[in-house]
Amino acid sequence: MTTPQASQLDAAQIQALMAIVGPDAVKTGDEIAPEYARDELVSTSSYPDAVVEPANTAQVRAIMRFAHTHRIPVTVRGAGTGLCGGSVPVHGGIVLSTTRLNRILEIDRECMTATVEPGVLLLDFQKEVEKLGLFYPPDPGEKSATLGGNVSTNAGGMRAVKYGVTRDYVRGLEVVLADGEIVQLGGKPAKNSSGYNLVQLLVGSEGTLGVITKIILRLVPLPALRMSLLAPFPALATAIAAVPAILNSGVTPTALEFFQDKVLHAFEESMGKPFPHTGAPAYLLIMLDGNSQTELDAAYAAVAEVCLRQQALDVLIADTSERHSALWEARGSFLQAVKAMSEIDEVDVVTPISRIAEFIMFCDSLAEEYGVRIYSFGHAGDGNGHVYLLRDAMDDATWRQRQDEVMRIIYQKGAELGGAVSGEHGIGRAKRVYLHEQVGETYMRLLRQIKQVFDPLGILNPGKII
Amino acid sequence: MLNVIVCLKQVPGTNEVEIDPQLGTLKRENAATKINLYDLYALEAAVNITDQYGGRITVISMGPPQAKKAILEAYALGAHHGILLSDRRFAGADTLATAFTLAQAIRRRESYDLILTGMQTSDGDTAQVGPALAEFLGIPHVAYVHKVLGIQHGTEKTITVQADMGDALDTLQTQMPCLLTCTKEVSRPGLPSYLRLKAARERDITVWTYDDLKQETGPAYFGLDGSPTRVQKVFPPSKEQAHERWEGPPAALARRLYARLQEMKRI
């Protein structure tokens with residue numbers, strides 16, 4: 001497979017792109033805003049030669065035909081909220097922005113599906129379906145992400161404990177292949193045993209196999225009631241160790257998050273808002289949903305009793321919308337709060353649930369040994385803890401060295417515990433090395449062969465995953 | 001050891017109060033209820049005060065028997081004792097009759113040092129019951145308390161508070177017993193505790209009816225009969241919102257915004 005070189009598009013080629021999408025929908029040179037050269041976390045930036053904003057599948061097809069003929073790299077970009085460089089055009093070329101592909105095409109109440117274009121924002125979509133009493137459960141922290149981005153990274157989020165991740169809601173895709181051919185994968189049926197499941201191969205493929213132009217998503221009924229519990233614990237270890245017991249209580253929480261007091265301090269400091277409880281070293285935040293108050297009362301009592309048996313100091317009840325939102329709005333801004341303190345690097349390792357306590361405690365113990373602040377919080381209920389390294393005042397060389405050492409040890413530990421490199425953020429550019437180290441050569445060869453079938457010229461998001 | 005009384009009201013569970021267009025009354029049926037938000041700030045302020053100075057918190061609520069739920073919740077938030085004033089003859093009370101009924105109940109108790117209420121309720125928004133209650137009891141009151149600065153034990157007990165007067169903060173010292181109505185600044189409400197709630201299920205709630213409170217006054221002061229206010233019409237307030245959309249280069253927009261803010265005397 002060839003890796004295309006960064007190609008400066010010539011004037012005629014820019015003209016050709018303008019002819020496809022209209023002159024206003026092609027940006028070059030200084031017109032390209034800096035965010036098109038990076039994503040949310042990776043500090044390295046790489047500008048594309050052009051940002052192209054198609055408005056429909058036909059235009060995407062024409063762009064791909066053009067790129068294929070001229071062997072120009074194409075990096076698909078949604079809202080650019082990724083965390084591992086997936087949408088950064090590291091080889092230049094075209095950034096294909098899905099911003100204008102932002103229509104909800106259909107909500108089919110009988111099939112309980114929605115057909116959307118990839119540029120629809122998660123938050124707009126959730127709001128729209130909830131108006132109809134329907135529910136799209138995947139709930140990654142970044143609500144201004146696009147659905148196309150969510151599908152491309154198989155985004156997870158807090159509600160994965162009960163409802164699963166983006167993958168579990170994708171029924172069908174329309175995909176423009178590297179050479180401009182259009183293919184329909186899957187569809188509305190609830191079941192499908194018809195050969196290889198290409199829908200699921202495309203989910204999480206980070207724009208390396210095709211350009212998604214339509215998505216058919218499964219919806220479920222919106223639960224009538226939700227509430228939360230906040231359980232303070234005497235230590236991080238006891239908090240996370242309580243997670244398997246909660247999951248075995250007969251109640252499946254919607255979400256089950258953990259965090260340490262230092263994250264709360266960061267939140268209160270940077271957001272200037274009080275959190276409803278402070279003073280405990282660690283917390284579990286548990287969301288429950290249901291359709292009747294009686295059912296919900298019984299569920300929360302069962303979970304509360306388990307927490308107390310697992311040494312929780314108390315269990316606090318967030319049973320009104322104000323209380324519930326205060327907790328989850330805070331939880332939603334933890335990452336922002338930590339980022340406000342320092343440049344960070346993140347780990348998105350997922351482990352079997354039985355090992356998450358060991359993994360998080362291990363990461364926590366590295367802070368002192370390596371002289372770097374390490375904050376962790378995240379999805380205790382599905383084994384996906386997020387661990388953040390803070391740069392603070394380190395100079396470039398020290399920071400790089402420290403990152404490298406600590407990351408390597410953390411990923412090794414993750415592998416040792418039977419975990420995976422990324423639970424929900426993807427591999428992108430930032431985590432390729434760790435993926436390769438963990439899965440080995442045979443696995444990587446299969447990935448490269450698959451890539452070869454879909455994209456023999458290597459023009460789709462080159463430099464990512466493999 | 002302070003005796004602190006906190007008045008609580010159960011209000012509709014959602015912030016958007018629905019109005020029945022035919023009857024012109026608030027739709028209350030089927031609606032979940034919650035404790036009025038400002039009352040939660042008052043209760044938490046009471047918890048802070050008794051944490052610091054020692055004491056007991058009694059909550060009082062007037063409402064239907066279901067309002068026991070609010071008292072249980074107050075127990076889960078740190079109250080020690082609860083009194084529910086519940087009688088059909090209390091129904092339909094306006095702010096005057098409500099304040100009178102609460103005053104009768106508080107008079108029945110032996111002694112108290114401090115009464116806290118929310119500055120207003122989310123369903124009525126009158127902000128009258130607290131001050132009216134203080135007048136019936138003949139004690140001083142401070143409305144819109146923003147911060148409790150401290151309690152002084154001199155020859156007589158006094159409390160120093162900061163009250164939010166909109167354009168100024170007044171620092172006031174008043175003798176106790178007294179009544180304070182609380183803003184959202186006064187405390188940081190905690191969440192109900194499951195442990196306390198479990199313990200509270202064993203604890204009783206005192207229920208007083210008309211017969212317990214009538215004393216020498218007779219029925220004319222309670223409920224609808226004791227309410228001179230007549231609600232002519234209930235309607236949702238019109239929402240006044242103005243939007244302007246400006247376009248142009250950022251520097252020009254910034255200058256224009258600055259000029260407009262100056263014109264509006266915001267800067």
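Two residues are taken to be in contact if their C-beta atoms, placed from the backbone, lie within 7 Å. The model is predicted, so local features need pLDDT of at least 70 and side-chain atom pairs pLDDT 80 or more, whereas totals for chains, interfaces and linings use all residues. Residues are numbered from 1 along each chain as its sequence is written, with chains lettered from A and ligands numbered from 1 in the order in which they are written.

I begin with the two chains. Their contact takes 13 residues from chain A and 10 residues from chain B. On the side of chain A, strand 15 (316-318) and helix 10 (321-332) each give two or more residues; helices are DSSP runs of H or I with at least four residues, strands runs of E with at least two, numbered from the N terminus. Strand 15 of chain A supplies the largest share, 3 residues.

Next, helix 12 (residues 356-370) and helix 13 (residues 396-416) of chain A. Their axes come within 11 Å and cross at roughly 155°; axes are lines fitted to C-alpha atoms, for helices over the stretch in contact, and angles run from 0 to 180 degrees between N-to-C directions. The two helices of chain A are therefore roughly antiparallel, a term for angles over 145 degrees. Among the residues that meet are A:Phe359 and A:Leu366 of helix 12 and A:Arg402 and A:Ile409 of helix 13.

Finally, helix 7 (residues 236-247) and helix 9 (residues 293-309) of chain A pack at about 145°, with axes 9 Å apart. A:Ala242, A:Ala245 and A:Ile246 of helix 7 make this contact with A:Val303, A:Val306 and A:Cys307 of helix 9.

Methods: Parallel < 35°, antiparallel > 145°, perpendicular 65-115°, else oblique.
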